[in-house]
Each structure stands twice: as C-alpha cells, then as structure tokens.
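This report looks at how the parts of one model meet. Keep the structure in view while reading.

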Amino acid sequence: MAFFLETLIGGLMAGMLYSLVALGFVLIYKASGVFNFAQGAMVLFAALAMARFSEWIGGALGGDNLILANILAFLVAGVVMFIVAWIIERLVLRNLVNQEGATLLMATLGIAYVLEGVGQTLFGSEIYKIDVGMPKDPVMMLESVFEGGILINKEDFIAALIAAVLVALLWLFFQKTSTGRALRAVADDHQAALSIGIPLNRIWVIVWCVAGVAALVAGVIWGSKLGVQFSLATVALRALPVVILGGLTSVPGAIIGGLIIGVGEKLSEVYIGPMVGGGIEIWFAYMLALVFLLFRPQGLFGEKIIDRV
Amino acid sequence: MSKQIGDVILDLQNISLRFGGVKALTDISFDVREHEVRAIIGPNGAGKSSMLNVINGVYHPQEGKILFRGEERQKMEPHRAAAQGISRTFQNIALFKGMSVLDNIMTGRNLKIKSNLLMQAIWWGPARNEELAHRAKVEEIIDFLEIQHIRKTPVGRLPYGLQKRVDLGRALAMEPKVLLLDEPMAGMNVEEKQDMCRFILDVNDQFGTTIVLIEHDMGVVMDISDRVVVLDYGKKIGDGIPDEVRSSPEVIKAYLGAGH
C-alpha cells in the first residue's frame, strides 16, 4: 500500500509539470485558435534566459544573495518573454489574421526553430543549471501509518505547489477580470469581439505573454530538476497527449489531463512494466491519447465539435 | 411621435467601395440625424451590409468621406469605432457561444471597465463596486429585453429569436451613440418580428439612441423608420421618408422588376 501511494504521489507531481506545459498550449489555442508548436521552444527559451540571468545577476551582486538574484532573474526573464510575445504578434500573427489553421500551425513551427536558434545564440548552448535553492532531500511521511513511511521528494512537492498556485491565478484571471472575459470573447468570435471594442492585437500579445510566463515557470521547475539543455524543448512533446486527453480548450482539462498521464505513466511502469519488459512510461501517454482520439476526439473537457450541415 | 430629431451625427459623403474589380458601393451619400431611426433597404446584393461594414470600420472605402459627430475619420478599425460609440449586431448572430447570456452582455461593458487587473482578480474594494455597477446596468438591459429567465443559460443553447435579442443586448450594454442593426428581423416569425420592432422603437424612444438598420422586409421597415435609404446594385436609388420612398417609381422597379 505504501509503495502504491508513493508511486501515485510521484505520478501526481510529474503530472503537475506536464500540466504546466499543457497550459501554455491551451491558453493560446483558446484565445486565437492556433495550435502553438513553439510552446516547447518557449519553455527552453525561458529556462535559458532564467539560468543565464540568474548567473549574470548573481555574479554582479557578488554571489552571496541567491534569492535576490533569482527573483531579479525571474523578473528579467518575464520581461524577455513579454518582448518575445510582442515580436511574435508583430512579425507573424498580425500578418496571418484569417488564415487557415494549417498555415498558422506551420508558422508556429517556424517560430519554434527561430526561438531555439536565437535562444542558443543569445544565451549559449551549454548545459546550464538553475539553482533556486529548492531542497533536494526527500522526506519521510506518514511513518505512523505505514511501515517505513512514504518517501516524498521535497523539490517535487514545492514544484507541484507552485504549479497549483499558477493555475489558481490563471483561473482568477480568466473568470474574474474584464481582460479575461475579453480573452474568452476573442476565442469565441473574432468579428464580434472587434465590434464591442476588443482590440485583437493587444489581446494576442497578452495571451502569448501569459503563455510565456507559464513556459517560464515550467522551464524554471524542469530546469532546476534536470538542468537547462536543448532537450527541454522536447518536453512539449510529452505534453501533447495531455492536451488531447484534457481537451484543447479547457484549462481544468490541461490540469486533470496532466495528472492522469503523470499517474498513469508511473503506475503502468511499476505494475504492468515487469510483465511486458518495461519501457511503458515512454509510450503510455501516446497510447492513451490515441484511444481518446478514436473515441472522444474533443478530450475530457473540450467543446464538442458540431458541424451544421 | 413626440421625439426630437437632432443634428446630423453621421455624414457619409460620396462613398465608393471596391473589392478588386467588383464595385460594392458607388458614390453613395446620405446622413443620419441624432435620435432618428434610419433604414437602409434594398434587394439582395444591393450593398446594404457593405454599407454597414463601412460605417463600423470593417471595410475602408477607396473614395469618400465619413464624418462622425463632425469629425472626419481615416481608416478606422472596428474596435476604435466601438470606443467612439458605434455598436452593432450581426446578421448571422456572432455571440460568444460558450458564455452565459449575462456574460455575453457583460462583455459589452468591457470598454467601460476602468479598474485594473489585479484589483479585479482579488475582487477588491473599488474594483468590486465598479463590477457591481456594471452588473446593475446589465441587469437593467436584461429586464428591458425580457430575458431574465435565461440569464445563466449558455447562448449556444438558445433558440434563434432569443439569440438575436442577446445580440441586441450586448450592443446596448455599450450605451452606444449610434446602434447599427444588421437585418435584426431576418429569419424570424411574425410574433418575433413584432417583439423585435417593439424593442427597437423602445430603445430609440427611452434611451434616445440613434439607430441605423438594414432590412430586407420592406413592410416592417416602413413602419418603424423615420427616413429610408434605398440601395440597388451598390447605387443609391432613393432617400426620404417612408411614404416618399414607397411611391418612388425607381424603388418599385428595383423591388418588383421592370414592367410594373
């Protein structure tokens, strides 16, 4: 039982991180109908910015104030993501209004390569580490309930907490503010949104910005766990099944989809893995996504697509 | 009718609009006076919707001038037009289908909300009062349009006639100077049409809103408009009070064909 719980919790924590990346996809899809292939590149770019700025700012401050350096680096990286969002809207999206979905998809693919390239030109292509001072040592919990207790990684726990806070903030933003309402309006109907005075261009900058911040948070957490390197961009591929499962248009869907896939991966690896020779973790999510595509293409919480004939 | 028609609020001078080689509008001039109900009618493909889209800023005419409240405007975008007090409804309803009736109408207040994001998010003091004030205004509109019973329903689930009403509600929430209605009665049954006519006249009467409306159905238009412009093949063929327009031989010809 304790082992099962440990696996389950481990899966939930991993799932929370998938959710963070998936959120970026959902935000942009919701507000502009674009499936943003560059989300992974944005995570990489944000993590690179964060790693290098904290290094540079830390060096300038004398290296003894880790927290201040990290906070400053986070803010600067946030500004960098804002500039990226602004440039993307200016140079790419603005010129592609009313184009086919496939055109926009290809455009984001292009953005992905440019971001990866520019990111490495600006910030270097080595492996960097982000040290935000998260405790790495695992703790034992519930020792009185189970023999030996449950081993929980403190770092994972904090990361999950941060992800949860971010999700709560996004929910408040979308549901309670007039800008959030404007975003939902733009997602539903461009023409009508314009007619009530919502400026499309500004809304797009805001959305890419929010997605950029989500990418930054995901990048910092993944980066501090695994180090910042090129392979971070492929994290996005792991989040693809999450959005298929949760539904492309649903913020809660991204969260719950992430959790299901995180847990499913770990449990299947541990319990089914030995029977078939292991390696399930790698393809489990895609299998699940495939099943969903066959039987429920709109995902768990997505809007059902009904075509009027 | 006791209402006072005011000065010219919207003046269109020699408007021509082309899409490539297709002439949608050719040299059209007319004006709209404050507090009046001004109709634009014409057979299919006459350029009525293009005209509305020119006023709204969706299309930019190649030639001609548009004066709104005495000021000439250049290449105005729709969201700027909205900020200046021009709101509209759509022929093929363009509501935010996933949102409730209340939220849809509330989006019409978006431009008027002044408090900042952070305060709104934490639902704090002034931001909260502001939101409540806007809500009160929206509730007023909901009462006015007699749609209290569906306030919380997602608009995607409503029947066509009610969706049209919500569309009108959202436009009204902006408290526009000029309200553009794109075929407000299209596809409605007689009873729904009567309701819609009543709402349009009440809006005009109670709020003093200037209304420009496009309609296909001549009969309805003649009953509720103060003045009517008639378009045919992108050209103006009539302009005046309903009785004048109705008896103009050119208008009759356009509607019924030659030989009548």
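## Domains of chain B

Two residues are in contact if their C-beta atoms, placed from the backbone, lie within 7 Å. The model is predicted: local features need pLDDT of at least 70, side-chain atom pairs count only at pLDDT 80 or more, and totals for chains, interfaces and linings use all residues. Residues are numbered from 1 along each chain as its sequence is written, with chains lettered from A and ligands numbered from 1 in the order in which they are written.

Chain B splits into domain 1 (1-85 + 176-260) and domain 2 (95-175). These bounds come from an automatic or database domain assignment. The C-alpha centres of the two domains are 27 Å apart. Across the boundary, 11 residues of domain 1 of chain B contact 10 residues of domain 2 of chain B. On the domain 1 side, α2 (78-83) and α7 (190-207) of chain B give two or more residues each. The largest share, four residues, is from α7(B). Helices (H or I, at least four residues) and strands (E, at least two) are DSSP runs, numbered from the N terminus.

By class, this domain 1 side has nine nonpolar, one polar and one charged residues. Ala, Val, Leu, Ile, Met, Phe, Trp, Tyr, Cys and Pro count as nonpolar, Asp, Glu, Lys and Arg as charged, and the others, Gly among them, as polar.

## Sheet of chain B

Six strands of chain B form an open sheet with mixed pairing, in the order β6-β7-β8-β3-β9-β10. Strands pair if DSSP finds at least two bridges between them. β6 (86-88) and β10 (235-240) of chain B are the edges; each has a single partner strand, so one side of each lacks a neighbour in the sheet. Twist averages 20 degrees from one strand to the next.

β6(B) pairs with β7 (178-182) of chain B in the parallel sense, over three bridges. Here Ile86(B) stands opposite Val178(B).

## Contact between chains

In chain A, 21 residues contact 27 residues of chain B. On the chain A side, α5 (154-176), α6 (178-188) and α7 (190-195) each supply at least two residues. α6(A) gives the most, with seven residues. By class, this side has nine nonpolar, six polar and six charged residues.

## A helix pair in chain A

The axes of α9 (235-246) and α12 (280-295) of chain A come within 9 Å and cross at roughly 30 degrees. Axes are lines fitted to C-alpha atoms, for helices over the stretch in contact, and angles run from 0 to 180 degrees between N-to-C directions. α9(A) and α12(A) are therefore roughly parallel (angles under 35 degrees).

Conventions:
Parallel < 35°, antiparallel > 145°, perpendicular 65-115°, else oblique.
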